[in-house]
Amino acid sequence: MERASRLLIAAGALAALAWMAYESVRYGVSGTASSNGARELEKMSKIRGGQVAPWWRDDLSRAAAHVPGDPFVRETLALLMVRNSNEPADFEEAQRHLVAAIEERPGSPYTWANLAVVKYRLGDTGPAFEKILVNASNLGPYEPEVQQIVSDLGLAMYDEVSPATRAAIERMVAAGMKRNAAEILQIASRRGRLGAACRHLDGEPRPAASKSTQICQSMEATP
Amino acid sequence: MKKISVFLALLALFFTDLALAAGAVVTSTTGTVSVATGQAAPRSLRTGDQVAQGDTIITGVNSAAVLKFDDGQVVALTSNSRMQVTNYQYNPQTESGNVLLSLVSGGMRAITGLIGRRAPSQVAYRAATATIGIRGTDVTIATSQGDVVATISEGSITFSFEGQTFTLNAGDAVLARSGQLVIKGTAAQILAQAPAAIQQAIQQQAALIAAVLNAAPGSQSQGQQGQQQGEQGNQNGQGQNNNGQGQNGQGGSGGGGGNASGS
């Protein structure tokens with residue numbers, strides 16, 4: 001009886017070990033896929049308009065299927081789909097992955113910001129989009145990348161959003177101007193809203209000859 | 001945890017980079033401008049948005065859009081226009097690529113960029129059944145119900161229509177109507193004979209000069225030429241409205257344009 005108990009315990013321990021090994025492999029494969037995918041994305045993002053090799057999409061799709069609860073895999077896959085395609089169907093799928101990633105990790109401002117980008121590209125810029133933009137800005141007020149995305153999309157939509165969303169956009173533009181004025185000025189210029197960024201230069205202890213100041217002064221000089 | 005944050009930041013960075021990937025950036029919009037990708041419903045297009053290969057840009061009534069492509073090419077669309085970026089490839093390292101823009105309806109002005117300057121044969125525009133090849137060009141094209149007008153402000157083009165090909169130089173213009181002889185003349189002559197919708201599309205380009213100059217700062221003289229052309233067109237357009245010439249005009253009636261010969 002004692003021997004049977006020992007065997008039972010050993011069998012249970014073996015089963016637990018096997019399960020843990022399986023899970024480790026599963027997460028390992030998904031982690032490797034997301035790391036490789038991120039590396040490939042980083043490499044390709046340095047080439048303007050560069051395409052990402054399609055096999056990373058396959059790897060990440062498999063990883064997402066094996067470990068559906070891994071937000072990194074889903075977010076990397078979403079980015080890869082959007083990067084590689086201009087097809088609305090791919091954007092829809094990317095949106096699904098980002099929503100799933102947010103369900104797993106709702107506190108990431110990056111994921112909210114990325115979801116805002118995908119929704120904007122899908123033309124889905126209703127109240128849900130505004131809420132996503134505000135969530136991103138509330139969760140990552142000091143994250144430069146989030147500042148840039150919220151400033152970019154926010155300035156694009158500035159005249160169309162609610163006063164509350166506009167206030168959130170203003171806060172992010174102001175924060176971005178403190179952190180990286182050149183980047184925010186470039187975004188504001190592209191969006192034809194240099195004034196929205198330049199007004200946050202006021203009161204900043206910047207040398208009069210700084211590039212940002214010059215850009216804003218040239219804007220004021222333009223009739 | 002820090003590693004995760006860095007990873008996430010990188011992911012976000014990819015997206016900001018994505019917003020500036022290959023294609024064109026909208027430098028100015030007026031009125032209602034939208035973009036459709038494939039069969040998807042059109043979505044609003046705003047200043048600073050990106051346009052890529054496969055996108056169709058649509059302007060509404062009293063609307064306009066100016067796009068600047070990665071190679072510096074500038075395209076201005078007037079109201080009620082539809083233009084598809086049928087093909088746009090550009091490699092900034094080698095400054096090479098190819099461009100095919102298809103004007104489905106309305107009017108566009110195109111000032112070629114690096115691709116057009118380095119390899120003109122790699123740039124082409126389509127309007128209805130006409131194909132336009134360029135040689136360092138500032139060209140305005142308008143199409144309505146299968147009729148096509150092209151006016152050239154700078155450089156030259158090859159204009160192919162229903163099996164005929166013509167070479168046109170700065171100051172020339174051409175009117176092509178399906179099943180009829182192609183008419184070649186000056187911009188004023190051709191505009192006088194063009195259908196009203198085409199006249200309107202070309203005249204509207206004059207209002208876009210400031211936006212075009214802003215997108216293509218080096219094209220000041222071209223802009224002035226375009227303005228003159230627009231003003232000429234305006235005068236001719238008024239003339240046509242008064243006397244009705246040109247609507248049925250062929251072979252140079254009204255504006256004095258001659259029939260072009262195919263090459």
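This is a predicted model: local features need pLDDT of at least 70, side-chain atom pairs count only at pLDDT 80 or more; totals for chains, interfaces and linings use all residues.
Chain A holds ten helices and zero strands, whereas chain B holds six helices and 16 strands. In chain A, buried residues make up 45% of the 223 residues, and in chain B 52% of the 263 residues count as buried.

**Chain A: overall make-up**

- Followed along its sequence, chain A shows the pattern α-α-α-α-α-α-α-α-α-α, in keeping with its count of ten helices and zero strands.
- Among the contacts in chain A with a separation of 6 or more, 56% are accounted for by residues 24 or more positions apart.
- The domain assignment of chain A gives domain 1, covering 54–106, and domain 2, covering 129–202.
- Between the C-alpha centres of domain 1 of chain A and domain 2 of chain A there is a distance of 26 Å.

**Chain A: helix 3 and its two partners**

- Helix 3 of chain A (residues 71–83) packs with helix 4 of chain A (residues 88–104), and for this pair the angle is about 160° and the axes are 8 Å apart.
- Angles over 145 degrees count as roughly antiparallel, and helix 3 of chain A and helix 4 of chain A are therefore roughly antiparallel to each other.
- The crossing in which helix 3 of chain A passes helix 4 of chain A is left-handed.
- On the side of helix 3 of chain A, this contact is made by P71(A), R74(A), E75(A), L77(A), A78(A), M81(A) and V82(A), while helix 4 of chain A contributes residues including F91(A), A94(A), H97(A), L98(A) and A101(A).
- With helix 5 of chain A (residues 109–121), helix 3 of chain A forms another pair, in which the axes come within 12 Å and cross at roughly 30°.
- Since angles under 35 degrees count as roughly parallel, helix 3 of chain A and helix 5 of chain A are therefore described as roughly parallel to each other.
- Helix 3 of chain A also passes helix 5 of chain A in a left-handed crossing, and the contact joins P71(A), E75(A), A78(A), L79(A) and V82(A) of helix 3 of chain A to T111(A), N114(A) and V118(A) of helix 5 of chain A.

**Chain A: helices 6 and 7**

- The axes of helix 6 of chain A (residues 127–139) and helix 7 of chain A (residues 144–156) come within 9 Å and cross at roughly 150°.
- Helix 6 of chain A and helix 7 of chain A are therefore roughly antiparallel to each other, and helix 6 of chain A passes helix 7 of chain A in a left-handed crossing.
- Where these helices meet, L133(A), A136(A) and S137(A) belong to helix 6 of chain A, and V146(A), I149(A), V150(A), L153(A) and G154(A) belong to helix 7 of chain A.

**Nonpolar cores**

- The largest nonpolar core has 68 residues, of which I132(B), I141(B), V149(B), A150(B) and V174(B) touch the most other members.
- Strand 12 of chain B (residues 147–161) gives the most to this core, with seven residues.
- A second, separate core has 57 residues and includes A64(A), A100(A), Y110(A) and L153(A).

- Among the contacts in chain B with a separation of 6 or more, residues 24 or more positions apart account for 54%.
- V212(B) has its place in helix 5 of chain B (residues 209–215), and V212(B) counts as buried because 24 C-beta neighbours lie inside 10 Å.
- V212(B) and M83(B) are 129 residues apart in sequence and, from C-alpha to C-alpha, 17 Å apart in space.
- N80(B), found in the loop between strand 7 (74–77) and strand 8 (82–91) of chain B, has a positive phi of about 55° although it is not a glycine.
- N80(B) has 19 C-beta neighbours inside 10 Å and therefore counts as partly exposed.
- E95(B), found in the loop between strand 8 and strand 9 (96–111) of chain B, has a positive phi of about 50° and is likewise not a glycine.
- E95(B) counts as partly exposed because it has 15 C-beta neighbours inside 10 Å.

How values were computed. Residues are numbered from 1 along each chain as its sequence is written. Chains are lettered from A and ligands numbered from 1 in the order in which they are written. A nonpolar core is a set of buried Ala, Val, Leu, Ile, Met, Phe, Trp, Tyr and Cys residues joined through C-beta atoms within 7 Å. A residue is buried if 20 or more other C-beta atoms lie within 10 Å of its own, exposed if 12 or fewer, and partly exposed in between; C-beta atoms are placed from the backbone. Helices (H or I, at least four residues) and strands (E, at least two) are DSSP runs, numbered from the N terminus. Two residues are in contact if their C-beta atoms, placed from the backbone, lie within 7 Å. Domain bounds come from an automatic or database domain assignment. Axes are lines fitted to C-alpha atoms, for helices over the stretch in contact, and angles run from 0 to 180 degrees between N-to-C directions. Angles under 35 degrees count as roughly parallel, over 145 as roughly antiparallel, 65 to 115 as roughly perpendicular and the rest as oblique. A crossing is left-handed if the near helix is turned anticlockwise from the far one by less than a right angle, and right-handed if clockwise.
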